[in-house]
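This briefing is meant to be read beside the sequence and the coordinates.

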Amino acid sequence: LRDAVLENDIDRVTFLLENRSNIVFTHRGADALFLASLNGHSNCVKALVKAGFFNPNKRYYDDETPLHVAACRNQVDCIKILLEMGTQHSPRRNSNGYTPLHVAAYGDCFESVEALLVGGVDVRAPDKYGVGPIRGAVDLACLKSAKLLLQAGSSPFKAGLDDETLLDRAHNHLKVLENYG
């Protein structure tokens, strides 16, 4: 099954699932659903979840779910399928405290951000530091993602646990630039 998923051979994946042939495996802790989500093999993702042998909410490396890995790799079709098939999306945090939307926004995966928002994720869901996805998107200059997050309802006035808002951070960045200009 691992090879069929990695090769995106949906006919072989379907055959193996129907015959329950060697379906339970892990490769360095990752199962077929994780690998399919990571590699953008959306037909395999759909078949694996539909077969009922794989949990789309399972946590893998660093507490990441298939939705996290699809989001950080801009695998939009996989994101849509996972959300349609009942994947819990909010607040599913990885070991860094990031939701799939944080991961997508911080990686400037604009299409993933858009798919997650359309799929109903909470644009304001904080990470373990009380910070929403907008802060990282702005800090990392992921401007397309930041603009979309603001349009979807993120607030530049919401402070993290450090009591610093986006506007405070922008002001501090300007001060630094002025000192060197």
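The points below describe a predicted model, grouped by topic.

The secondary structure of the chain comes to eleven helices and zero strands, and the C-alpha trace spans about 65 × 30 × 25 Å along its principal axes.

**The chain as a whole**

- Read along the sequence, the pattern is α-α-α-α-α-α-α-α-α-α-α, in keeping with a count of eleven helices and zero strands.
- Of the 181 residues in the chain, 47% are buried.
- When contacts between residues at least 6 apart in sequence are considered, 66% of them join residues that are at least 24 apart.
- As an example of separation in both senses, Leu140 and Arg20 are 120 residues apart in sequence and 45 Å apart in space, taken from C-alpha to C-alpha.

**Helices H2 and H4**

- The axes of helix H2, which covers residues 10-18, and helix H4, which covers residues 42-51, come within 10 Å of each other and cross at roughly 10°.
- An angle under 35 degrees counts as roughly parallel, and H2 and H4 are therefore described as roughly parallel to each other.
- On the H2 side the contact is made by Ile10, Val13 and Leu17, while H4 contributes Asn43, Cys44, Ala47, Leu48 and Ala51.
- Sorted by class, this contact of H2 with H4 has seven nonpolar residues, one polar residue and no charged residues.

- Helix H3 is mostly covered, with seven of its eight residues buried.
- The buried residues of H3 are Ala32, Leu33, Phe34, Leu35, Ala36, Ser37 and Leu38.

**Aromatic pairs and a charge over a ring**

- The structure holds two aromatic pairs; one of them is formed by Phe34 and Tyr60, which are 4.7 Å apart from centre to centre with 50° between their planes, a tilted arrangement.
- Phe34 lies in helix H3 (residues 32-39) and Tyr60 in the loop between H4 and helix H5 (66-72), so this pair ties together parts of the chain that are 26 residues apart in sequence.
- Both partners are covered: Phe34 counts as buried at 5% relative accessibility, and Tyr60 is likewise buried, with a relative accessible area of 9%.
- Tyr98 and Tyr106 also pair, and because their ring centres are 5.0 Å apart and their planes stand at 70°, the pair is edge-to-face.
- The limit for burial is a relative accessible area under 20%, so Tyr106, at 19%, counts as buried, whereas Tyr98, at 22%, counts as partly exposed.
- Lys144 lies over the face of Phe110, at 4.7 Å from the ring centre.

**The loop between H4 and H5**

- Lys58 lies in the loop between H4 and H5 and counts as partly exposed at 32% relative accessibility.
- Leaving aside residues up to four places away in sequence, Lys58 touches Asp31, Glu64, Thr65 and Pro66.
- Lys58 and Phe34 are 24 residues apart in sequence, and their C-alpha atoms are 8.9 Å apart in space.
- Asp63 lies in the loop between H4 and H5 as well, and it is partly exposed, with a relative accessible area of 37%.

**Backbone and other loop residues**

- Most residues other than glycine have a negative phi.
- Against that background, the phi of Asp63 is near 65°, a positive value in a residue other than glycine.
- Asn74, which is not a glycine either, has a positive phi of about 60°; Asn74 is found in the loop between H5 and H6 and counts as partly exposed at 27% relative accessibility.
- Leu140 is found in the loop between helix H9 (133-139) and helix H10 (143-151), where it is partly exposed, with a relative accessible area of 49%.

Methods. Residues numbered from 1 in each chain as written. Predicted model: local features only at pLDDT ≥ 70, side-chain atom pairs only at ≥ 80, totals over all residues. Heavy atoms only, no water. Axes fitted to C-alpha atoms, helices over the stretch in contact; angles between N-to-C directions. Helix = DSSP H or I, 4+ residues; strand = E, 2+ residues; numbered from the N terminus. Parallel < 35°, antiparallel > 145°, perpendicular 65-115°, else oblique. Contact = heavy atoms within 4.5 Å. Nonpolar A, V, L, I, M, F, W, Y, C, P; charged D, E, K, R; others polar. Phe/Tyr/Trp six-rings, centres within 6.5 Å; stacked < 30°, edge-to-face > 60°. Buried < 20%, exposed > 50% of the residue type's maximum accessible area, 1.4 Å probe, protein only. Lys NZ or Arg CZ within 6 Å of the ring centre and 35° of its normal.
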